[in-house]
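Dear colleague,

Please find the structure below, handed over for your own work. My notes on it follow directly after.

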Amino acid sequence: MQTEAKKTEQHAEESVKAINLISFKDVAKIYSGNPLPSLAGLNFEVADGEFFCIVGPSGCGKSTILKIIAGLEEETSGEVVKPDKVAMVFQSGALLPWLNVFENVCLGLKAKGVSNAWMKEEAYKFIEMVGLSDYENKYPRDLSGGQRQRVGLARALAVSPKVLLLDEPFSALDTGTTEELHKDLIKIWKTTKKTIVMVSHSIEEAVSLAGRIMLMKSGKEKNIYNIELPYPRRELEADFIHHVQTIRKEFFK
Ligand code: ADP
């Protein structure tokens, strides 16, 4: 039996969890020159500290959502609530080739105008967190695809964003590298307690990582799934397979 104190504590925890950092209410997006709506009455919310994943067929509006959250695009109608401090990690890593790892990670911090000492401390902290301590003087051309994504992740984390936006960050990597990065991303998410919104084309990847998954179709949410599995999640376990199959069935309907 649960004691009253325990119940109150649990309720308080749930209330804290329920703070939404992101909210889309009936949001539509029509790009100029494109008559078809890219988002068409989209509704969802993301709570503080969540790992939220968006999946859906190509062209259904996933990247448009990230662009709106990042302030790179504006919604045409509807109501969007989003935090002002977000950072994006792109599929390519988007590193500047003429800067080394340390300098690439410092980019966002430099733009914020922080002191050199603080910049150095923060940059080294996140370079270490992504496992690249021995690579700080290397240039992007000397790094593997996975290492470049790690630099992109460190650069995004260094600016202390409220929300980390990941746009298919592992889609160009081989399976082994992707698995390593998945493990490390979960570790980083748990350590930093950041809110993560990630777009993925892989249902397996979404089920490996996310607490909730939004399946989209034609600019709208089709379904939102809770994935209450402990980490590390294993692709061969029955619960994992069940979630993947449930989402896949709906994906192709
Ligand atoms: P996804 O990330 O799911 O592949 P996007 O959000 O990139 O989808 O695109 C959704 C739809 O909006 C697509 O039909 C795409 O062609 C269109 N679109 C995206 N960006 C633009 C743009 N800048 N101008 C016109 N149409 C766009």
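Lys 193 sits in the loop that runs between helix 6 (175-192) and strand 7 (195-199). In this model, which is predicted, the phi angle of Lys 193 is near 60°, a positive value in a residue other than glycine. Most residues other than glycine have a negative phi. Lys 193 counts as exposed because its relative accessibility is 63%, and the cut-off for that class is over 50%.

Ser 160 also has a positive phi, in this case near 50°. Its place is the loop between helix 5 (145-158) and strand 6 (163-167). With a relative accessibility of 30%, Ser 160 is classed as partly exposed.

A further backbone feature concerns a peptide bond. Most peptide bonds are trans. The bond joining Tyr 231 and Pro 232, however, is cis, with omega at about -5°. Pro 232 belongs to the loop between strand 9 (220-226) and helix 8 (238-251).

Is Ser 200 buried or exposed? Its relative accessible area is 1%, so Ser 200 is buried, given that the class covers values under 20%. The side chain of Ser 200 makes a polar contact of 2.8 Å with the side chain of Glu 205. Neighbours within four places in sequence aside, Ser 200 is in contact with Cys 53, Ile 54, Val 55, Gly 56, Lys 62, Glu 168 and Glu 205.

Of these, Lys 62 also belongs to the surroundings of the ligand.

- Asn 34: an N or O atom of the side chain is 3.0 Å from a nitrogen atom of the ligand.
- Ser 38: a polar side-chain atom lies 2.6 Å from an oxygen atom of the ligand.
- Cys 60: here a backbone N or O atom is involved, 3.2 Å from an oxygen atom of the ligand.

As for cover, the ligand taken alone exposes 560 Å², of which the protein buries 63%.

With kind regards

Methods:
Residues numbered from 1 in each chain as written. Predicted model: local features only at pLDDT ≥ 70, side-chain atom pairs only at ≥ 80, totals over all residues. Heavy atoms only, no water. Near = heavy atom within 4 Å. Polar contact = N/O pair within 3.5 Å; in protein donor to acceptor, adjacent residues only side chain to side chain. Areas by Shrake-Rupley, 256 points an atom, 1.4 Å probe, with all protein chains shown as cover. Helix = DSSP H or I, 4+ residues; strand = E, 2+ residues; numbered from the N terminus. Buried < 20%, exposed > 50% of the residue type's maximum accessible area, 1.4 Å probe, protein only. Contact = heavy atoms within 4.5 Å.
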